[in-house]
Amino acid sequence: MTKMQDIDAIVIGSGIGGLVTATQLAAKGAKVLVLERYLIPGGSAGYFERQGYRFDVGASMIFGLGQNGTTNLLTRALSSVNVSQEAIADPVQIHYHLPQGLDLKVDRIYEKFLQNLTAHFRHEEQGIRRFYDECQKVFKCLNSMDLLSLEEPRYLLRVFFQHPLACLGLAKYLPQNAGDVARRYIKDPQLLKFIDMECYCWSVVPSDMTPMINAGMVFSDRHYGGVNYPKGGVGQIAQKLVEGLEKAEGRIQYQARVTKILTEQGKAVGVQLANGKVYQAKRIVSNATRWDTFEQLLPATEMPHNEKKWQQNYQKSPSFLSLHIGVRESVLPAGTECHHILLEDWEKMTAAEGTVFVSIPTLLDPDLAPNGYHIIHAFTPHWIDDWQELSPSEYEAKKEEAAWRIIDRLEKIFPGLDAGLDYLEVGTPRTHRRFLGREDGTYGPIPRRKLWGLLNMPFNRTAISGLYCVGDSTFPGQGLNAVAFSGFACAHRIAVDLGL
Ligand SMILES: Cc1cc2nc3c(=O)[nH]c(=O)nc-3n(C[C@H](O)[C@H](O)[C@H](O)COP(=O)(O)OP(=O)(O)OC[C@H]3O[C@@H](n4cnc5c(N)ncnc54)[C@H](O)[C@@H]3O)c2cc1C
């Protein structure tokens, strides 16, 4: 058994949330051990290699790699442990291919984006500007202050005295949702549906359920720090964080699946691995989802009251069907952008196989594929229930049918895709569950009904003394930059608790 006095903090999982917590703590001098069940770090921001292609597992539209302000949290997390990551600027965040011929590019330059959108909705010119300008106000508040733990009163006081107006601004937006703000300025039903899609494509809920703080962040940062692709693939971010962790004398162990969080008199004191090994530490951090943490790693029958309440407010979002495709470069028309969203019927936006998300990272970093070929990662929401209780042959057949339905739809924007296919690998919600260790393969929590913005999202401390959560089941939610925020906040709170 490795004893408590040897380790300040154990972090269960090396997703970006876990790694930012670990590196921040190690940079402050804490003794940190990260336990990762898989072979490499990164979780949903990991990668895999096949036949000369390096595929991103999930994320590839990356915020937080900018150079200025305070919201560039990935850049900041890396530099805290003396590592850095080359970032390739993406000139267009998304090329939307939406119903009723709404074909539109979100340009990195704010005014150009507003012009592109206004060209489709001339009568809403003023409303469009007022809505997106209000998002910019939220962002300016966030981007003026250090983003640390909102559970730490001295930090809150300090930040309030340094930036009183920004704090009051954020407090005002905290309970609001983007849809309510949009409807104050915009009346056109199709434009409101577009705003729904603008939110859905990262929050996986329509604008009425998307917190204004998150919307303000995404809709503005894309024109400020911008969307940037990490050279070498998204997996590089986690690899670099691990390099920095080790430079700061933190440790990581792979193939170390935690099966139990150990408690003594209601306090988290250690963890047990699948191989029976036990580690103790002063603080335990779970980067697993809240469902995995409170139903698998701790006895579900003893779930704290506030976790039960949280589950009444939030549910698991669906997982995804993912197509990792290698194609001949001739398939991509000249001027093709990196990220696309495809939807033919507004009514199907949130349905399984409704919205299709596409990333072609090789347009920004050609080294991820063999010469003359590109990667297309296409994914669409799917629920695990549709993939259970199938024989191996039924499962394979179902995967193939679903993949070809998506490829047929993609043919509309990439004619010749079928003929130009070089490699195809299909992941289902079961794949996400198995390789990412996320219950039902979920993308993360979504509100069960309309809530008060971000007010119900928990911070890092839990009802169990000594146990913290980090990652997309905590404030402010999904996305690499968001979980990095959660990591900064978690490490800050633990450092104060440990007196570091
Ligand atoms: C298909 C897809 C596309 C996405 N696209 C984008 C995008 O374009 N941009 C963006 O910003 N975000 C995107 N996201 C979301 C983003 O990837 C996630 O929100 C984020 O990576 C979650 O990070 P995390 O730290 O919370 O957890 P995770 O990435 O889930 O990492 C948790 C880690 O903990 C490990 N673990 C779990 N349980 C245990 C255990 N018991 N013992 C040991 N280890 C354990 C897991 O193996 C994993 O490594 C996408 C996600 C998916 C799935």
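Tutor: An axis here is a line fitted to C-alpha atoms, for helices over the stretch in contact, with angles from 0 to 180 degrees between N-to-C directions. The model is predicted; local features need pLDDT of at least 70 and side-chain atom pairs 80 or more, while totals for chains, interfaces and linings use all residues. Numbering starts from 1 along each chain as its sequence is written.

Student: At what angle do the axes of helix H1 and helix H15 cross?

Tutor: H1 covers residues 16-27 and H15 covers residues 480-498, both being DSSP runs (helices H or I, at least four residues; strands E, at least two). Their axes come within 7 Å and cross at roughly 35 degrees.

Student: How many residues of the contact of H1 with H15 are charged?

Tutor: Contact requires C-beta atoms, placed from the backbone, within 7 Å. By class (Ala, Val, Leu, Ile, Met, Phe, Trp, Tyr, Cys and Pro nonpolar; Asp, Glu, Lys and Arg charged; others, Gly among them, polar), eleven are nonpolar, five polar, and the number charged is none.

Student: Which element gives the most to the shell around the ligand?

Tutor: The shell has 38 residues (C-beta atom within 6 Å), with Gly 13, Gly 15, Gly 43, Gly 58 and Gly 471 nearest. H1, strand S15 (319-328) and H15 each supply at least two. With three residues, the element that gives the most is H1.

Student: How far apart are the C-alpha centres of domain 2 and domain 3?

Tutor: Domain 2 spans 114-222 and domain 3 spans 318-439, bounds taken from an automatic or database assignment. Their contact takes five residues from domain 2 and seven from domain 3. The C-alpha centres are separated by 30 Å.

Note on methods. Two residues are in contact if their C-beta atoms, placed from the backbone, lie within 7 Å.
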